[in-house]
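Subject: Handover of a structure and notes on it

Dear colleague,

Please find the structure below, followed by a short account of what was found in it. I would be grateful if you read the notes with the model open beside them.

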Amino acid sequence: MKKLTLIGCVILSFMFAACAPAAPAELVVMTHSSFAVSEAVIRTFETQNNVKVSFVQGGDAGETLNKAILSKDAPLADVLFGVDNTFLSRAVEAGIFETYASPELANVDSIYQLDSTHQLTPIDFGDVCINYDKSYFAQHKLALPNSLESLTQPEYKNLLAVENPATSSVGLAFLLATRAHFGEGYLDYWRELKENGVVVTDGWETAYYTNFSGSSGHGAQPLVVSYASSPAAEVIFAEPPLTDAPTASILEAGTCFRQIEFAGVLKGATNPKLAEKFIDFLLSAEFQNDLPLQMFVYPVNQKATLPEAFVKYSQIPAQPAELTPAEISANRDAWIEAWTEAMQ
Amino acid sequence: MNLDKRIAQEGQAYGGPARWPISRFILWALPSAFLLAFFFYPLVKIFALTFEAQALTAQENLQIVWRVTRFTFYQAALSTLLTLALGLPAAFLFARFNFWGKSFLRALTAIPFMLPTVVVAAAFNSILQLPVFSALRQPAPLTLILLAHVFYNATIVIRILGAALAQLDPKLEQVSRSLGANGAQVWHEILLPLLKPALLSAVLLIFILDFTSFGVILLLGGGKVSTLEVEIYLRVLKLPNLPLAALLAILQLVFTLIFSILYAQALRRSSHPTAPRFSIARPPQTLREKIFVGVFSILLLSFFSLPLISLPFRSVLRLEADRGDRAQVQIGLTTEYYQELFINRRNALFYVPPIQAAINSIVIASLTVLFSLALGIPTAWALAKPTNLEKILDPLIMLPLGSSAVMLGLGLILTYGRALASPIFIPIAHTLIALPFVIRALQPAIASIPERLRQSASVLGASPWRVWRLIDFPILRRAALTAATFAFTISLGEFGATLLLSRPELPTIPVAIARFLSQAGGLNYGQAMAMSTILMALTLAGILLLEKDHHA
Amino acid sequence: MLEVKNIFKSYAGQPLLKNISFKIKKAETVCLLGASGSGKSTLLQLIAGLEKPDAGMIRFNGADLAQTPPHLRDFGLVFQDYGLFPHLNIYENIAFGLKMKNKPAAEIQARVSALLTQVNLTGFEQRKVTELSGGEQQRVALARALAPNPRLMMFDEPLGALDKNHKESLLNELRALLRREKIPALYVTHDQEEAFALADCILLLHDGQIIRAGTPEEIWNDPRSAVAAKFFGVGNVVTGAIKLTGKKTQVETEFGTFNLYCKYKHKPNESVSVLIRQCDDGSEALKLKVEDLLFKQDQFQAQSRGAFFFVKEKPKLGQLIRLRVKVECLHENSEEKY
């Protein structure tokens, strides 16, 4: 009987731990599951505004947005962080965000300010590029591929791992880069890649850790579609410490695609003023300085300073592929379907 | 004789249907409330919102439906057959023989069932990269999918069939041998017909699990193949076409329902009373037995441990130095990854020490056991001696297994909104998945309790509660332990938090593993392996503990 | 026909059967008698080929069976709890062995009906196993074992689960059947009545060894050991101490001091077991006080200090009665022989 009482207590405490009354107001922020932030940074915002910030995660960027759209009548949160430029138009069209133009936007380059309606505010960006295993290319005395076209050449047969654009945002980014570069001919290019033994995985985790030879997973492919910041992460998360990154990104013009992440105040927010303050906070130097080492993305705020490892090992491509959010939004599904069909 | 029969019938009339209104109502109250609130209502709500009749007539929809359904059946049937091919002899091995390391090997076969798919895929891959397997370096996605399904589900055959084999009277086998039946004939004429109910249970569970398989298809299929469950996920969240998704989800539910009905009918036709027995396992004696035990246990050991062993191996192996531009290859052992688990290097808000993730996992798994037993025991009780209405309800129990996790997740979001972020929804979601397993594990055991025992106990003056405690419970204990093991392990390995709204500050071990794997870097990979090793060790310890209790 | 030679078998490190040897001749019924746990069922399993002996040899008609699997031995087996196949009906159960031998359907049909007639179950073909009473089930099991004309029949306590009436009638049927069919049979039981009723030869198994073998008469007349005497219920076994007075050997027991005529030499004060058999022309006299009384049809069973005796006239409780008895030395376990 004592046992039962004990179990009961555990359940009850477990249940109430979640719904314990919060003394200050509560701000609910919905994010994708890759969201990360330093504790101190959030605590500063909480004390400054006498608010308790709680986070809920809704899966990856696409899943999170879809959940927000589906529940627009009874919103799950006050702020949504993590809509990227491939979903921007869809998010704006869905009409689930309040308009808000943050004063902090003054410090943000206009190339990131893609939403003229000011429903969504740019927060960070990152480039999806092909990463390569330095030692593989050194050992095999193989030249690096210098364009998308060169990847279809026989010396790179079976060497490239990519993510499925239907299931992975990284994969989608790379598909968009090829679409921007080849136009209507992008499917022919993919058929050639397929002929040349491209390996398609469901997501970044598998491609990077299972297939990529440059990662700790020691896979079989020395080329992988990843982020331009991944080499920096390899140095930062190394044991023993590395003096040089084992991998690097190919930055040739048109081979990379830039993902820009946005945040917005959800319609029906319980405390819109606080939610707007949170958008300001996301653009503030404090949060923007914290971004690189937490999520391995670049701050959009020009006043933010980059950590040393980032400056040293992470590079920014000069000419990423270009596609407007409206173009992407209008064609995304059709391009993916056609890609799926071509790769069957 | 006639008089006896009449008395028996009247006794049944008094003990059975006459009592149904109150006792049956009590039995059903909790489980049906639970299923209505967390399963049927949310599903109806999401279907009402998304389903459109036009989806049925669109040509391109029907093509997708046909392609996906065909592949779903194909891979599920193949996977089930292969799982049986490995699981049947394995169940026989464990039920009939005692050998060194048996309980460890048995526990080992159960580990995959609760490891997150990402980890299993990584493990499989690391094995395929060994020089021995270099010829198989790029196996077809289907091969990998089938292998993974066998790897995951063999434990179901071993457990369900093993329990049935242990209850089988060894004399039947001996008699048939002495009547001139050879080994194959004994199986064909005696064992298989008698094991049919258990075999059907196992086949149905495995088939439904393979039929609704998600992670394995997504991860190992490389986007080239998709099952109903995967296609629904894609059509809801990636290439939104909600009417098509709803159509596929309804289809999947209907198929699950059909399998369950077929199963229930087959079960009713082939049920034979068996009596619970003491273990009949013994050391192998003849040369043939010794060869079987030796060869098969080594086969099982390598099939299950080779992929798994690479996790603890990699969690202490430092491979950093052989990467980069340096030619010098240095491999070293390190405990750094484990130490690092306890360090919040980046002062991250959602950092959780591994011990806390383990506690979260265990608390959630324990709650899942508690919930699913509390709901499963009365349901299994009612279904073990069913009235006509309950015979119709029986197949519905399996539906949660056949419902698309994504659709159900959306339905729950629509129904519960912000409240869904409450941590209590995690064990509730796990319970929904575990409940069919728990009920199916309990049902045959309850049905096998001889009514005579119960009657003699109540004649001896035991109150209904004491009858339950003194007669039913001890007999049920074994089945309840099996059910609890299922619930616990399903919960430990379940990584479906994303189908709801997850609270990042309350990660379970699989969530923590996924977090490490979502960023590049050797430390992240090493920590994911270390965390996986911890999960494996936890699981192994849990199973060994439960099994030890079994034998006590 | 069957020859069992120097069989040893241990289980979980414990020796269970130690050096067992015996033979069964054509048309002979041998009863293996022993308490539960004496290893008698294991011996059956060894002969059936379901278990392997640690050492020793089992031969049939001179051929070593070590390499013959159970299904090629042609031995019939009947268990205490019947072991009927629950998924088959009565017909299919009996036909099983014939089917395994690929007999033509017509022959199977004829044989099954003949057997059903023999065991008085005509018309039971389509019944389910669970619809039958214990006695009926055992008849089916018997018919099933007989169906393929086995070379040897083996019974493992076949009547153990039946009530007294069923037991007696089935025992009689079984005896008639074994006599008629002339099949050699090995019958395992713990009930000496069954053994006496059926056996041409009885083997008494104790502690993994055959401690007495012989026809029922031989064993009854000279059980030789206290264990055997107790097991067969020959008389009252009591312990006593040897007293040597002059040339006479006497034994002092709680029932009095008796003269003992024994071919063995005993030492004074040696502790021995003796058998006190009630016998009207016995040389010894016994005086005892009736402690309990049982009505036994034409006589009464009087009990005193754990021993039983029969009297014609009904005594009163507490009454002193005098009886003539024979006292025999159970010398098997004597320390010094001859």
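Two strands are said to pair if DSSP finds at least two bridges between them. Strands (E, at least two residues) and helices (H or I, at least four) are DSSP runs numbered from the N terminus. This is a predicted model, in which local features need pLDDT of at least 70 and side-chain atom pairs count only at pLDDT 80 or more, while totals for chains, interfaces and linings use all residues. Residues are numbered from 1 along each chain as its sequence is written, chains are lettered from A and ligands numbered from 1 in the order in which they are written, and side-chain values use heavy atoms, without hydrogens and water.

Sheets in chain C

In chain C, 3 strands make an open antiparallel sheet in the order 16-17-18. Strand 16 (292-296) and strand 18 (307-311) each have a single partner strand, so one side of each has no neighbour in the sheet. Strand 16 is joined to strand 17 (residues 299-304) by 5 bridges, and C:Lys296 stands opposite C:Gln299 of strand 17.

Another open sheet of chain C has 4 strands in the order 2-1-4-5, with antiparallel pairing. Its edges are strand 2 (14-24) and strand 5 (63-64). Strand 1 (residues 2-11) and strand 4 (residues 55-60) pair over 5 bridges, and C:Val4 stands opposite C:Ile58 in strand 4.

Two helices in chain B

The axes (lines fitted to C-alpha atoms, for helices over the stretch in contact, with angles from 0 to 180 degrees between N-to-C directions) of helix 14 (residues 354-384) and helix 21 (residues 509-517) of chain B come within 8 Å and cross at roughly 140 degrees. The two helices are therefore oblique to each other; angles under 35 degrees count as roughly parallel, over 145 as roughly antiparallel, 65 to 115 as roughly perpendicular and the rest as oblique. In contact (heavy atoms within 4.5 Å) are B:Ala357, B:Ala358 and B:Ser361 of helix 14 with B:Ile509, B:Pro510 and B:Ala512 of helix 21.

Cavities

A cavity is a set of points on a 1 Å grid over the protein atoms alone where a 1.4 Å probe fits but cannot get out; lining residues have an atom within 4 Å of a point. The structure holds 14 cavities of 30 Å³ or more, a volume being the space filled by probe spheres set on the points.

Yours sincerely

How values were computed. On a 1 Å grid over the protein atoms alone, a cavity is a set of points where a 1.4 Å probe fits but cannot get out, and a pocket is an open set with protein on both sides within 12 Å along at least five of seven lines; lining residues have an atom within 4 Å of a point.
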